[in-house]
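Please look over the model shown here.

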Amino acid sequence: MDLPIVVGVDGSEPSLRAVDWAADAAVLRGVPLRLVYASLWERYEGAALAQDLGKPAEQVRAEDIVQTAARRAERRQVDVQISTDLLPEEPEYALVRESRDAALLVTGTRGRSGITEALLGSVSLTVAGHTHCPMVVVRGSHDNQVRSGTHARVVVGVGERRMAPAAVRFASDEARRRGAVLEAVRAWRCPAHETTDHPLPAGEPARMHEQQAVEVLEKALHDVSADVETHRRAVEGTTRNVLADASRGADLLVIGAERRHRHFGLQLGRVAHGVLHHSACPVAIVPERE
């Protein structure tokens, strides 16, 4: 059986936009859609109360949340296969566990006190740091980025330490499914001391760093299928700012995240953390295996 796309829902409008995005992606991939709501309502309202008074209020609310999300997905894509589940545990742990048996994990954003979505919600940020499968965070009002292909452009960030093969493969597959251009972006910077004290002619250090970035891009895209149109961009600047700028004309921004051996799995670096907060389009976090 094909692994599903799992969406974490909480009743908020951002999570419903994530449902829209995921429904489109499920049809595009030909996989089921699984909608989950996680809460510790049982801990606070208890099974005894449920037996005495019928369903506790929080359970009723939880059921309404997933049913509303399911109806939204059905309206979005009538052919998508949908299942729902209520998980009596902390959302962060529930979604990380769900990611073990998912093709893709999708969440929305939720700003502080519901005032703004400029900052990523704590649940999405925590899960993004520990997911076992690729995860997409659907930012802002970008609810049509799969269905209509607004920009027909998938951007993948190529990092400094490694070629991010899993991220490039994921981005390439997404570009192929969408009929979009794959654009690989690598940021480079010329250290200040090289521009003042370096014995090479003026401007040469910068050209060296730019050429090195171009070479890294070539290696990163070496195995991308010829049926995917690819572009390469080496851009001077900090990685976070360069990728945030690139996201403004993209349908999806893909970045790799290295798996580090810590007490709770994958940890996000500063670049991934910054991109998740500032991207202008949905962001895919792809765990890189050692």
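Two strands pair if DSSP finds at least two bridges between them. Helices (H or I, at least four residues) and strands (E, at least two) are DSSP runs, numbered from the N terminus. The model is predicted: local features need pLDDT of at least 70, side-chain atom pairs count only at pLDDT 80 or more, and totals for chains, interfaces and linings use all residues. Residues are numbered from 1 along each chain as its sequence is written, and side-chain values use heavy atoms, with hydrogens and water left out.

**Strand pairing**

Strand β5 covers residues 135–138. Strand β4 (residues 104–108) runs parallel to β5, joined by four bridges. Here Thr-107 stands opposite Val-137 of β5. Strand β10 (residues 283–288) runs antiparallel to β5, with three bridges. Ala-284 in β10 is the bridge partner of Val-136.

| Strand paired with β5 | Direction | Bridges |
|---|---|---|
| β4 (residues 104–108) | parallel | four |
| β10 (residues 283–288) | antiparallel | three |

In a regular strand the side chains alternate between the two faces of the sheet. In β5, Met-135 and Val-137 point one way, Val-136 and Val-138 the other, and all are buried. Buried means under 20% relative accessible area, exposed over 50%, and partly exposed in between (1.4 Å probe, protein chains only).

**The chain as a whole**

The protein chain has eleven helices and ten strands. Of its 290 residues, 50% are buried. The accessible surface is about 14,200 Å², and carbon and sulfur atoms hold 48% of that surface. Accessible areas come from the Shrake-Rupley method with a 1.4 Å probe; for residues, only the protein chains shown count as cover. Among contacts (heavy atoms within 4.5 Å) with a separation of 6 or more, 78% join residues 24 or more positions apart.

**Nonpolar cores**

A nonpolar core is a set of buried Ala, Val, Leu, Ile, Met, Phe, Trp, Tyr and Cys residues joined through side-chain atoms within 4.5 Å. The largest has 48 residues, and Ile-5, Val-7, Leu-33, Val-106, Leu-182 and Val-254 touch the most other members. Helix α1 (residues 13–29) gives the most to this core, with eight residues. Apart from it lies another core of 31 residues, including Leu-95, Met-135, Val-242 and Leu-253. Beyond four places in sequence, Ile-5 touches Ala-22, Ala-25, Leu-33, Leu-104 and Val-106, among others.

**Helices**

Helix α4 (residues 57–76) has 20 residues. From first C-alpha to last, α4 reaches 29 Å, close to the 28 Å expected at 1.5 Å a residue. The expected span is 1.5 Å times one less than the number of residues. Buried residues of α4 include Ala-62, Val-66, Ala-69 and Ala-73.

In helix α11 (residues 270–278), Ala-272, Gly-274, Val-275, Leu-276 and His-277 are buried. Their cover includes α6 (122–128), β5, α10 (239–247), β9 (252–258) and β10.

Arg-240 sits in helix α10. At 37% relative accessibility, Arg-240 is partly exposed. Leaving aside neighbours within four places in sequence, Arg-240 contacts Val-271, Gly-274, Val-275 and His-278. Gly-157 is 83 residues from Arg-240 in sequence, yet 9.6 Å away in space, C-alpha to C-alpha.

**Cysteines**

Cys-133 is buried at 5% relative accessibility. Cys-281 is buried too, with a relative accessible area of 0%.
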